[in-house]
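Have a look at the sequence and the fold first, and then follow along.

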Amino acid sequence: MRCLVTGGAGFIGSHVTLGLVEAGHEVVVIDNLLTGHEMALPPNVKLERVDLNNAKETDRVLSQGPWDVVLHFAALSSVADSIKHPTHYLRANIITSLNLIRSCIRYNVKNFVFSSTASIFGGENFSSIIPATAPIRPSSPYGESKFYIEQVLKWADRVYNMRYACLRYFNAAGADIEGRLGEDHQPETHLIPLAIDALLGLRPPLKLYGNNYPTHDGTCIRDYVHVTDLADAHIRVIEKLKYGSVTYNLGSGKGFSNLEIIREIERISGKKLPWSWAEPRPGDSAFLVADSRAFQSECGWQPRNGDIGVIIESALNWRKNNPYGYKTGHR
Ligand SMILES: NC(=O)c1ccc[n+]([C@@H]2O[C@H](COP(=O)([O-])OP(=O)(O)OC[C@H]3O[C@@H](n4cnc5c(N)ncnc54)[C@H](O)[C@@H]3O)[C@@H](O)[C@H]2O)c1
């Protein structure tokens with residue numbers, strides 16, 4: 001296949017790009033390198049350093065088709081940041097996606113895979129695993145922007161027959177098991193890399209936001225899925241698009257509280273992790289765990305690195321070997 005990947009230099013996009021290349025596909029990446037890293041791209045992948053806000057440049061890249069599939073990862077993706085800067089976030093995620101989708105329609109792209117998120121469910125108080133049919137109530141402009149694009153895709157299919165897969169990931173984590181890729185966000189907002197950096201002395205002690213959530217230990221519960229298993233999920237869902245558009249929740253189906261993650265990191269590393277309590281953050285939900293059974297049975301997907309120990313160990317190994325991320329002297 002000829003695949004166009006937006007945000008392919010980012011954390012999830014780079015793991016998917018590697019998976020596609022290893023499966024023998026040709027990949028071109030659109031990325032403005034805002035949070036991504038050129039070094040995360042395999043050597044035979046062409047990088048189009050384009051900002052999706054630029055409709056003309058986006059169109060130019062799409063005109064280099066035909067494309068068998070477009071996978072759209074590029075976005076701003078911090079829940080907390082989106083609450084501080086709602087119009088900036090809505091504008092950034094919606095305009096870029098609209099530019100891309102419009103160009104896809106113009107150049108007759110028939111298959112589109114979209115990175116959606118568990119944050120579209122953020123405003124509900126769930127206590128059990130969340131299926132794709134659960135009520136949608138985003139508790140942040142970030143979640144709202146993703147749900148808006150899901151609706152745009154529905155209309156692109158109805159009117160222009162562009163099939164889409166909306167994959168609503170829960171928490172992507174871990175790193176390529178062979179250590180070739182990892183997570184290097186600036187700024188970092190995700191628990192596991194922040195905790196690992198605190199453990200390795202690369203950042204100040206970890207802050208745990210909130211200890212009074214309605215969970216067994218008072219801290220938020222999240223579902224962590226290994227980023228390479230996510231990559232595999234993308235490759236599988238492209239096959240599924242032959243039969244029509246799909247929307248799936250995607251996670252491991254297992255929830256871990258923030259305190260449990262800290263304990264697991266301490267167990268794996270054999271070291272004490274420095275941390276302290278902080279005020280809860282607006283927009284954080286108590287419990288977000290995916291019901292991925294539909295995806296598993298319909299796409300034949302099984303997380304191969306689903307064990308939380310494997311997820312943490314791969315992230316820890318990558319960070320130990322790349323303490324400054326992709327760039328030396330990065331911090
Ligand atoms: N990381 C998670 O746990 C998680 C969970 C749910 C959903 N998602 C979604 O998955 C996608 C990928 O997440 P990630 O963690 O890999 O993020 P990331 O920040 O590592 O990657 C995003 C990539 O998009 C690029 N980009 C951003 N704005 C752009 C623009 N205007 N034009 C061109 N390129 C642009 C960045 O440079 C970066 O390479 C995002 O859409 C995110 O919302 C992530």
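Strand S2 is mostly covered, with 4 of its 5 residues buried. Please keep in mind throughout that this is a predicted model.

S2 has a parallel partner in S1, and 5 bridges hold the pairing together.

From S5 we can move on to the ligand. Helix H1 (11–22), strand S5 (111–117), helix H5 (141–160) and strand S7 (171–173) each give at least two residues to the shell around the ligand. The largest share, 3 residues, comes from S5. In total, 31 residues surround the ligand, and the closest are Asp31, Thr35, Phe73, Tyr142 and Lys146. Sorted by class, the shell holds 14 nonpolar, 14 polar and 3 charged residues.

| Residue | Protein atom | Ligand atom | Distance |
|---|---|---|---|
| Asp31 | polar side-chain atom | oxygen | 2.5 Å |
| Leu34 | polar backbone atom | oxygen | 2.9 Å |
| Asp51 | N or O atom in the side chain | nitrogen | 2.9 Å |

How much of the ligand does the protein bury? Taken alone, the ligand exposes 820 Å², and the protein buries 96% of that.

Next come some backbone details. Most residues other than glycine have a negative phi, and most peptide bonds are trans. Leu33 has a phi near 60°, a positive value in a residue other than glycine. You will find Leu33 in the loop between strand S2 (26–30) and strand S3 (46–48). Is Leu33 buried or exposed? Its relative accessibility is 15%, so Leu33 counts as buried, the cut-off being under 20%.

Asn161 likewise has a positive phi, near 60°, and is a residue other than glycine. Its setting is the loop between H5 and strand S6 (163–169). Asn161 counts as exposed because its relative accessibility is 51% and the cut-off is over 50%.

The other two places are cis peptide bonds. One joins Gly65 and Pro66, with omega at about 5°, and Pro66 sits in the loop between helix H2 (55–62) and S4. Another cis peptide bond joins Gln186 and Pro187, with omega at about 0°. Pro187 belongs to the loop between S7 and helix H6 (191–199).

Let us turn to helix H7 (residues 227–240). This helix has 14 residues and reaches 20 Å from its first C-alpha to its last, close to the 20 Å expected at 1.5 Å a residue. Which residues of H7 are buried? They are Val227, Asp229, Leu230, Ala231, Asp232, Ala233, His234, Val237 and Ile238.

The loop between H7 and strand S10 (246–250) includes Leu241. With a relative accessible area of 0%, Leu241 is buried. The C-alpha atom of Leu241 is separated by 7.0 Å from that of Ala165, although the two residues are 76 residues apart along the chain.

A last stop is Pro138, in the loop between S5 and H5. At 19% relative accessibility, Pro138 counts as buried, because the cut-off is under 20%. Its C-alpha lies 8.7 Å from the C-alpha of Gly283, while Pro138 and Gly283 are 145 residues apart in sequence.

Technical notes
Residues are numbered from 1 along each chain as its sequence is written. This is a predicted model: local features need pLDDT of at least 70, side-chain atom pairs count only at pLDDT 80 or more; totals for chains, interfaces and linings use all residues. Side-chain values use heavy atoms; hydrogens and water are left out. The expected span of a helix is 1.5 Å times one less than its number of residues. Buried means under 20% relative accessible area, exposed over 50%, partly exposed in between (1.4 Å probe, protein chains only). A residue is near a molecule or strand if one of its heavy atoms lies within 4 Å of it. A polar contact is a pair of N or O atoms within 3.5 Å; within protein, one must be able to donate a hydrogen and the other to accept it, and residues adjacent in sequence count only if both atoms are side-chain atoms. Accessible areas come from the Shrake-Rupley method with a 1.4 Å probe; for residues, only the protein chains shown count as cover. Ala, Val, Leu, Ile, Met, Phe, Trp, Tyr, Cys and Pro count as nonpolar, Asp, Glu, Lys and Arg as charged, and the others, Gly among them, as polar. Two strands pair if DSSP finds at least two bridges between them.
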